[in-house]
Amino acid sequence: MQRSVHSPYRRLAAMGMLSAVSIVLFLVFRFPMFLNFLIYEPADVGLMIAGFALGPAAGLICTAVVCVLQAPLHPEGGWFGALMHFISSGALVAVSSLVYSRFRTRKGAYVGLLAGSAAMVGAMIPANLILTPVFYHLSRADVWAIIGPIISFNLVKAGVNAMITAFAYKPLSRYIRGYAEGGSGMPRASRQDESAAR
């Protein structure tokens, strides 16, 4: 079946919708964890769904958009918070959606989420050790002293958001991909959907 000529615009609209969902999740659901400046928020769920449904590039674009809007909407973290968010969420979204794009099965989704979570935790160790001392005028030893809670926080955050994505993606994926590809947005079976259910 030939794709609609409007599908590129529908794809952008789907990306905008998922970015908006991510921003709402970022602003509304915020809980301190381990240390008072480590704030859990489920914004990555919308970004991972974008990456899974529309591809890694779309997921990263949505991540960049959300992080750019994050600074003025939530000035407490400012541009440093936006940068750190892009590093952590970018690693999570890029790796998880890249793995899933190669292996579009349930197992591939789970492996992608695990790999993305590991990438996020790994990326945030050097990011905190290198960037946090510069922004907060701390010594690297000061940051190293709290690296344990930082690692624990990123493990929990990535794990919780990965689990939410695992439950939420399949019910939403056919609507999102159907709409983005120029359909009505109603669920429709496809070989990829059928293989992902296995």
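**Entry 1**

I looked up Ile61 and found it in helix α3. I take helices as DSSP runs of H or I with at least four residues and strands as runs of E with at least two, numbered from the N terminus. This is a predicted model, in which local features need pLDDT of at least 70 and side-chain atom pairs count only at pLDDT 80 or more, while totals for chains, interfaces and linings use all residues. Residues are numbered from 1 along each chain as its sequence is written, and side-chain values use heavy atoms, with hydrogens and water left out.

Ile61 counts as partly exposed because its relative accessibility is 47%. The classes are buried under 20% relative accessible area, exposed over 50%, and partly exposed in between (1.4 Å probe, protein chains only).

I then listed the nonpolar surface patch that includes Ile61; Val24, Leu27, Val28, Phe29, Phe31, Val65, Leu69 and Leu73 are its other members, and together the residues have about 770 Å² of accessible area. Two or more residues each come from α1 (7–28) and α3 (56–73). Helix α3 gives the largest share, four residues. A patch takes residues with over 30% relative accessible area and no salt bridge, joining nonpolar side chains (Val, Leu, Ile, Met, Phe, Trp, Tyr) within 5 Å and like charges within 9 Å. Areas come from the Shrake-Rupley method with a 1.4 Å probe, and for residues only the protein chains shown count as cover.

**Entry 2: the largest pocket**

I noted a volume of about 710 Å³ for the largest pocket. Its lining has 27 residues, and Phe37, Leu38, Ile39, Gly81 and Met84 lie nearest the centre. The elements that give two or more residues to this lining are β2 (35–40), α4 (78–102), α5 and α7 (147–180). The largest share, five residues, is from α4. By type, I recorded 13 nonpolar, 10 polar and four charged residues in the lining.

For the terms: on a 1 Å grid over the protein atoms alone, a pocket is an open set of points with protein on both sides within 12 Å along at least five of seven lines, a cavity is a set where a 1.4 Å probe fits but cannot get out, and lining residues have an atom within 4 Å of a point. Points are joined across faces, edges and corners, and the volume is the space filled by probe spheres set on them. Ala, Val, Leu, Ile, Met, Phe, Trp, Tyr, Cys and Pro count as nonpolar, Asp, Glu, Lys and Arg as charged, and the others, Gly among them, as polar.

**Entry 3: the salt bridge**

I found one salt bridge in the structure, between the side chains of Glu41 and Lys157 at 2.8 Å, N to O. The pair links distant parts of the chain, 116 residues apart: Glu41 sits in the loop between β2 and α2 (43–54), and Lys157 in helix α7. Both Glu41 and Lys157 are buried. The criterion is a side-chain nitrogen of Lys or Arg within 4 Å of a carboxyl oxygen of Asp or Glu.

**Entry 4: backbone and other residues**

I checked two non-glycine residues with positive phi. Phe34 has a phi of about 70° and lies in the loop between β1 (31–33) and β2. His137 has a phi of about 55°, is placed in the loop between α5 and α6 (140–145), and is exposed at 71% relative accessible area.

Tyr110 is in helix α5 (residues 106–136) and is partly exposed at 44% relative accessibility.

**Entry 5: the whole chain**

I counted eight helices and two strands. Of the 198 residues, 43% count as buried.
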